[in-house]
Every structure is written in structure tokens, then in C-alpha cells.
Amino acid sequence: MTYMEAPHLQIAVTGAVVPLQPEVTTVGRGSFTDITLTDPSVSVLHAEIVRRGPYVYVSDLGLSRNGTRVNGRLVAKRLLTDGDALTFGSARCRIGGIVAGEVFEEQPPKSVTPELTRRELDVIASLCRPAMSDDAFVTPATAREIAADLVVTEAAVKQHLLRLYSKLRIVEGVNRRIRLANEVIALGLAKPQVPDDQRGLPAPRAVPPGRAPEPAQRWRPGQGQGQGQGPGQVPGSVPPYPPPAAAAADRRRVTGRTGGPG
């Protein structure tokens, strides 16, 4: 069996193919690791690739600053299959030479959600609100839009975003804010808002096209007399108190008096 047929890791930037060790292969930037990656985003001792019989899995040691991903997903441990794309920090690699002797029943990776503050959750909700709308191809909110939404300064929002990048291990590079939004949505930290009519709340009454909304009714002398109700009044409630001038005119009409007392 040649080294290309045996389990190996191919490094994207150089094209080098490095065979895995019989049991544990260490990956990192340190000079004493089995596979040395010079990318500055890679930690000195970043991860291990472990062989157990025909199975191969990657394990992030928890010492890395920028995390380990398999096919774009942040993982702690993950069973690998032939052709999986591995990313250590920003260094891209591909695993090969794994014999697919049986079909593995893949389970969704259990991502450990970091502890977030209430304000960080508010920033996440505001960041992802545009992407949660029904419109397609909507980018997440900018720092300025988040600041306006939360009524805080833009500098404060940027500080919260930096902490979120660190906690969720979003490495530096292009579209960092978009990658953050994708990660929090995948972790279930941001969820679409349910419309009022789906939450059991009454939806606003629609006005037919071309028809203006009905103006509010004014109290008129004699209105509701004998019924104990005024305009728009709920049965059994206290009727609205009429204006003094209107009440005086109403009394004169009932008593037949047009002048003052006398």
C-alpha cells in the first residue's frame, strides 16, 4: 500500500501529502508536531487526528484559539470519512485514504455553545434580524444598524462583535460578520420572529384598497340616550361624558327652556 492509499492529510496551500501516524497524529504550528502548519491562525498544538482500526477522527484539543472545522462546521470531535475538508484556523486540508468499509450513521455534531451575556444575545438578535426575514439574499445588519436598533454607540457594538468573534472562534478574514451570523443561526442562538397572527394575537384589520380608514366618531347630543351607551362604548361600561356646552343644549331641548333660569 502506497502512502497515497493509506490514510493521509493533504495540505491545500502547498499540495503536500503527509501520511498519518499509526495511532495519533498531532497537528499544529509547533516544530515538534507530526504535521506542521505555518499559518499564523494555527495554534502551536492545535488538534489530533486519531486512528482506531478502520476509523479515523479529529479531535480539537481545546488549546486552539481559532478552532477546528470539518466541512465548514466547528467541531470538538468528529468521525472522518474519505474526502472530508479539515480547517485548522485558516489552514485548509483534506483527509484521504480512509476505507469506506461500512456506512457510518452520522450524528449532528454537538457544538458547545459558549456562555453569552444578555447584551451579546441582543447584538446577535439584531445582527441576524435581516437574515431571518422572508426576503432572499439579505445580508446581516451592520454595526451602525445594530447600534441604532439597540440605541447604543457603534463603538460599543464593535466591542461586542469582537468578543463574539473570539467566543465563537470566527477567524479573521473576509465576510467575518456574515460567518458569525451563519454560526449563531446554526447553533440556534438566533431564531426567526413569529408574526403576530401566528402567535394568537389579533392581526390589524385590513382596510380595503381605495378606501380611507373610518374617522373616529364624535359625541352628538342625544346619542345613546335610553340605551346607556355612547359611540363605540362596550355594553355595561360608563358612557363617555359629553362636553359641557353639548350637555347644556341637550338639557334645554328636553325641558323646552331656551333662556336662563328665571
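Predicted model: local features only at pLDDT ≥ 70, side-chain atom pairs only at ≥ 80, totals over all residues.
Visitor: Is Asp60 buried or exposed?
Guide: Residues are numbered from 1 along each chain as its sequence is written, and side-chain values use heavy atoms, leaving out hydrogens and water. On our scale, buried means under 20% relative accessible area, exposed over 50%, and partly exposed in between, with a 1.4 Å probe and protein chains only. Asp60 has a relative accessible area of 11%, so the label is buried.

Visitor: Which residue forms a salt bridge with Asp60?
Guide: A salt bridge here is a side-chain nitrogen of Lys or Arg within 4 Å of a carboxyl oxygen of Asp or Glu. For Asp60, the closest N and O atoms of the pair are 3.5 Å apart, and the partner is Arg169.

Visitor: How many residues apart are Asp60 and Arg169?
Guide: Helices (H or I, at least four residues) and strands (E, at least two) are DSSP runs, numbered from the N terminus. Asp60 sits in strand β6 (residues 55-60), while Arg169 is in the loop between α3 (154-167) and α4 (176-186). Arg169 is partly exposed, at 22% relative accessible area. The pair links distant parts of the chain, with a separation of 109 residues.

Visitor: Which helix holds both Asp122 and Arg119?
Guide: These two form a salt bridge, with the closest N and O atoms 3.8 Å apart, and Arg118 is linked with them in a network. Asp122 is partly exposed at 25% relative accessibility, and Arg119 is partly exposed at 33%. They are three residues apart, about one turn of the helix, and that helix is α1 (residues 118-128).

Visitor: Which helices are tied together by Glu154 and Arg144?
Guide: Their side chains meet in a salt bridge at 3.7 Å, N to O. The two parts are ten residues apart in sequence, and the pair ties them together because Glu154 lies in helix α3 and Arg144 in helix α2 (residues 143-150). So the names you want are α3 and α2.

Visitor: In β11, which residue stands opposite Thr87?
Guide: Four bridges join the antiparallel β10 and β11. Their hairpin has two residues between the strands, and Gly89 takes a positive phi near 65 degrees there. On its β7 side, β10 also pairs over three bridges, with Arg69 opposite Thr87. In β11, the residue opposite Thr87 is Arg92.

Visitor: How many disulfides does the count come to?
Guide: The rule asks for a pair of cysteine sulfur atoms within 2.5 Å. Cys93 is buried at 4% relative accessibility, and Cys128 is buried at 1%. By that sulfur rule, the count is zero.

Key:
Pairing = 2+ DSSP bridges.
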